[in-house]
Amino acid sequence: MQAQPRSRSRTRRTTVAALLCGALALGSAACGPSGGDAKVKGPFGELTGSQILDKAMAATKSAKSLTLAVDITSEGEPLKAHLSLDTAKKCAGTLSVGVAGTAEFVKADDRDVYLRLDEALLRDELKDESPEVREAALEQLGGRWTKSPVTDPDTRDMVAFCDLKDLLADFEEGAAGTVRGEETTVDGQKALKLTESGDGETNTAYVATEGTPYLLKVVTTGGTEPGTITFSRYDKPVTAKTPAPKDVVDLG
C-alpha cells in the first residue's frame, strides 16, 4: 500500500503561498505618497523612513541564514510557522494551518525532504479516503517521517521556500510613504518603528538600530492577511538533522 494522501500537495501549496505572501507583504506593498516622511534626528541619523526601510530590506536580503516565526491569517484561516533556513537551502521547522494540526519538515541536503504530520493533520488529510485506507495509513505513518526526493512534484513548493535567497527575492527597495516612528525594543533588541499604510492595510516594521539594520518584526493589520512575522537568529547555523532511518517511510 502507498499511504500518500491525495490532498497533501494541495495543503503544501496553500501553506507555502500564505507563508510567502505574509512574509513579503511589507516589501511588495511599500508604496504610496511620501507625505509625512520628513527627516528627523535619532537612530540612522536624518534618513527618512523609506530610506531606513530600504537599508533594512538590503541588510535582510544579505543574510546567510535566519529564523522566521509566522502568525498570520490567510484566506480566513490561522497559519503559524517556525522556519529556520539558509542560503545553502537547508531548512527545518513546523507549519500549521487552521485547526487541523501541525506538520514538521526537514531538508538537510539537496536530495530529500522529510515531512511528519501529527495525528490530527493526518486524519484531516485522509478524511476523503475509505476507512480501510485511512486506518492503514494512520498505522503506517503515525509518528513517522515521510521521505520524498526534492524532484518530486509534491515536494517542489517545500523545496522552494527552503531557499533563503528565493524567499527574500521579492523584498523590494525604493519604498515610499514609510514613516519613521518611535524607538522601542523587540525581544530585547533596540529597534526603530516604521509604518506604511494603504488600501485598508497597515504594515509596521521594526528595524534593528544596533549592528546590522536587519528587520526584526513586521506586523500587518487590516487587509487580507493580518498577523505578525518575526525575524531572528541571523547568520546562525541551521540545525537540520536527518531523521533516523527507523523513523522514516520512503515515498519516493
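Two strands count as paired here if DSSP finds at least two bridges between them, and the strands themselves (E, at least two residues), like the helices (H or I, at least four), are DSSP runs numbered from the N terminus. With that in hand, look at Thr-94, which stands opposite Glu-104 in β4. What you're looking at is a predicted model, where local features need pLDDT of at least 70, side-chain atom pairs count only at pLDDT 80 or more, and totals for chains, interfaces and linings use all residues. Residues are numbered from 1 along each chain as its sequence is written, and side-chain values use heavy atoms, with hydrogens and water left out.

Now zoom out. The sheet is open and has 12 strands with mixed pairing, in the order β7-β8-β9-β10-β11-β1-β2-β3-β4-β5-β6-β12. At the edges are β7 (179-186) and β12 (248-250); each has a single partner strand, so one side of each lacks a neighbour in the sheet. On average, neighbouring strands are turned by 20° against each other, direction ignored. Helix α3 (residues 49-61) packs on this sheet, touching β1, β7, β8, β9 and β10, and its direction makes about 115° with that of β8 (axes are lines fitted to C-alpha atoms, for helices over the stretch in contact, and angles run from 0 to 180 degrees between N-to-C directions).

Back to β3 and β4: they run antiparallel, joined by six bridges. Ser-96 sits in β3 (residues 91-97) and is buried at 16% relative accessibility. Buried means under 20% relative accessible area, exposed over 50%, and partly exposed in between (1.4 Å probe, protein chains only). Beyond its neighbours within four places in sequence, Ser-96 is in contact (heavy atoms within 4.5 Å) with Pro-78, Leu-79, Lys-80, Gly-101 and Thr-102.

What about charges? The structure holds 11 salt bridges, each being a side-chain nitrogen of Lys or Arg within 4 Å of a carboxyl oxygen of Asp or Glu. One of them joins Glu-104 and Arg-116 (3.0 Å, N to O), linking strand β4 to strand β5 across 12 residues. Glu-104 is partly exposed at 28%, and Arg-116 is partly exposed at 23%. Glu-119, Arg-123 and Glu-135 are linked in a network of salt bridges.

Finally, check the loop between β8 and β9, where Asp-199 lies. Its phi is near 55°, a positive value in a residue other than glycine, and Asp-199 is exposed at 84% relative accessibility.
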